[in-house]
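Have the structure open while you read.

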Amino acid sequence: MTNAVAGLGLAPDAAMVTFPIDMFLPGSDITPVEARKREFYDGLTRWRSAFAGDEAGEAPMVRVEATNVEDAFARANHLMLANRWGDGLPLWPPTRERVDWILGGAAQPRRRKLGTFPPRGGVTTVESCAIALAMAGGRPEYLPVLVAAVDAFLDPESGSEQLQAASGSAFPVVIVNGPIGAQIRLNSGFGCLGPDPQRPAGASIGRALRLLQQNLGGALPGTGTMAVFGHMRYTNAVFAEDEEGLPAGWEPHSVDRHGFERGANCVSLFYASGAANIIRRGAKKETLEEDVVQGLHRVAGYMRVPDVHYLHGYTEGTPGFVVISKVVAADLATMGYTKQSIREFLYEHSKVPLDEMRKAGCMAWMEIAATAAARDSAQQDPWPIAEKAANIGLIVAGGGHSSHALWLQAYTYGVIGREIKLPAGFNDLVGEADSANAAATNS
C-alpha cells in the first residue's frame, strides 16, 4: 500500500486510515468509517511529512552519537538496518562530507532530477545517486557511470516499472563501453562479474544501484518486490566490454547496438534472469573449425529453451547476451565469423520445436504477448527465440581463456543505452584515485 501511494506522487509516509479488507466487500457494514472520521480530518489538516525537510529544501540529517569511531560505525549500521536502508552487509555512513566528496564526480547539479524510482516513486536526483554510492563504498570517479545507469534504468522502455516489483527475480546488467572503463578500473577480464579487490568499481556501482532500487523504489523482499529468489541482488552486474580484445572489424557493443560513436563513454542496461556457464572448448584434439562450430552449438543449446521470458523483449529487446573472451573471439574471427554471422548461427540453431513449446504450456503465453510479432510467432515451427537475429546480444569480456562462454538469459523489455557525462575535473579524479591506489599498494 505504501509503495502504491508513493508511486502516485504522494509522500511515502502519507497519512493513512486503514480498515480490514472485508469492509469493502459487497454487503459489508461500513459504519466503522463514520466512527473514525476524526482520523480523516487530522490526516488532511494536521499531517506533515517527515520527508518535507527544512526551509532550504534539505532533509534533516540523522545524528549518531558514540564514544569512538568504531562504535559510531556500528551504531550507524544498526540504524540503517533498523530503518531498512541497508542490504545486510556493512555500509559506509553517508555523512555530508563523504557525499560532498562523491559529488566531485557529478557533471550535473546535485539537485538535478533524474526521475522517479518505480514502484514507490521516490524522487531521484544526482545527490540521491551520490548518497547511495557513498553507502556502497564508491568513489567520485564512479558517479558518472552510476548516473548514466540510473537514467537508463528509469527509461520507460527498460521495463523497470514492472520488473522492479515482479516475482521473476530479474536483475539489471550494466555494460560499460569507452575509455572510462579502464580509467575507473572497471573489470573486463578474469572474474568480471565477481569480486576483484584491484577493480572494485563494478561492485560499488552495482550495489549503489541496488540501494537506490530499495530505498527510493521500495524494492524490499516480500513487499516492494515479490522476487521469489532475488539472485544477484547485492551488486547486480556491472562490467566493461574488453574493447582491446575485439578482433579487427568487430565493433563494440555500444556502436553495434546503440549507434554511439566508437570511443564514446556509455552504458547499456538490460535485465537478466540468470547466468549459465558453458563449456565451450572440446575435450580432445579437435581442429579449430570443429572446436569453434561445436562450441557455437553448445551455446545455442543453452539458448534453445521454452522460456516465456523471451516474449517480453521479443521485438525490441533481447533474449539474452552471449559473453565470450577475446581468445574465443579471435578463434571465431580466424574462421571467418563476424558478429553478425555468429548471431545468425545462434538464431537458427536456438529455435525451439513448436511441440516442445506446447508441452511446456507456452502457447497461452504467446496468445497474450504484448507485441503482434510475439503473438504471431506461435505460427512458426520451430519457434525463434527473438523476432530477429540482431536482438541477440554478443559481448567480448572475461579472462583470456578459450574454455568457457557465458549465457546471460534475459527477462527484459528493452536494451537501453545512455552516454556517460563527465565533469570538467574528471581526469584529476582519476589521477587522485591512481595515486591513492599506488600509495596503498606500496605501503
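## A charged residue

Where is the place of D331? It's in helix α13, which covers residues 326–334. Keep in mind that this is a predicted model.

Is D331 buried or exposed? D331 is buried, and yet it has no salt bridge. The nearest side chain of opposite charge belongs to R280, 4.6 Å away. A salt bridge needs the side-chain nitrogen within 4 Å of a carboxyl oxygen, so R280 doesn't count as a partner. Leaving aside residues up to four places away in sequence, D331 touches L288 and V292.

Now over to α4, which runs through residues 69–82, 14 residues in total. From first C-alpha to last, α4 reaches 20 Å, close to the 20 Å expected at 1.5 Å a residue.

Which residues of α4 are buried? They are A76, N77 and M80. These three cover an arc of only 95 degrees around the axis, which puts them on the same side of α4. The general rule is handy here: an α-helix has 3.6 residues a turn, so residues three or four places apart point the same way. The buried residues of α4 pack against α6 (126–135).

## The ends of α4

At the start of α4, look for N68: one of its side-chain oxygens comes to within 3.2 Å of the backbone nitrogen of E70. Just after α4, R84 takes a positive phi of about 65 degrees.

Definitions and conventions: Residues are numbered from 1 along each chain as its sequence is written. This is a predicted model: local features need pLDDT of at least 70, side-chain atom pairs count only at pLDDT 80 or more; totals for chains, interfaces and linings use all residues. Side-chain values use heavy atoms; hydrogens and water are left out. Helices (H or I, at least four residues) and strands (E, at least two) are DSSP runs, numbered from the N terminus. The expected span of a helix is 1.5 Å times one less than its number of residues. Buried means under 20% relative accessible area, exposed over 50%, partly exposed in between (1.4 Å probe, protein chains only). The arc is that of the directions from the helix axis to the C-beta atoms. Contact means heavy atoms within 4.5 Å. A polar contact is a pair of N or O atoms within 3.5 Å; within protein, one must be able to donate a hydrogen and the other to accept it, and residues adjacent in sequence count only if both atoms are side-chain atoms. Lys and Arg count as positive and Asp and Glu as negative; His and the chain ends are not counted.
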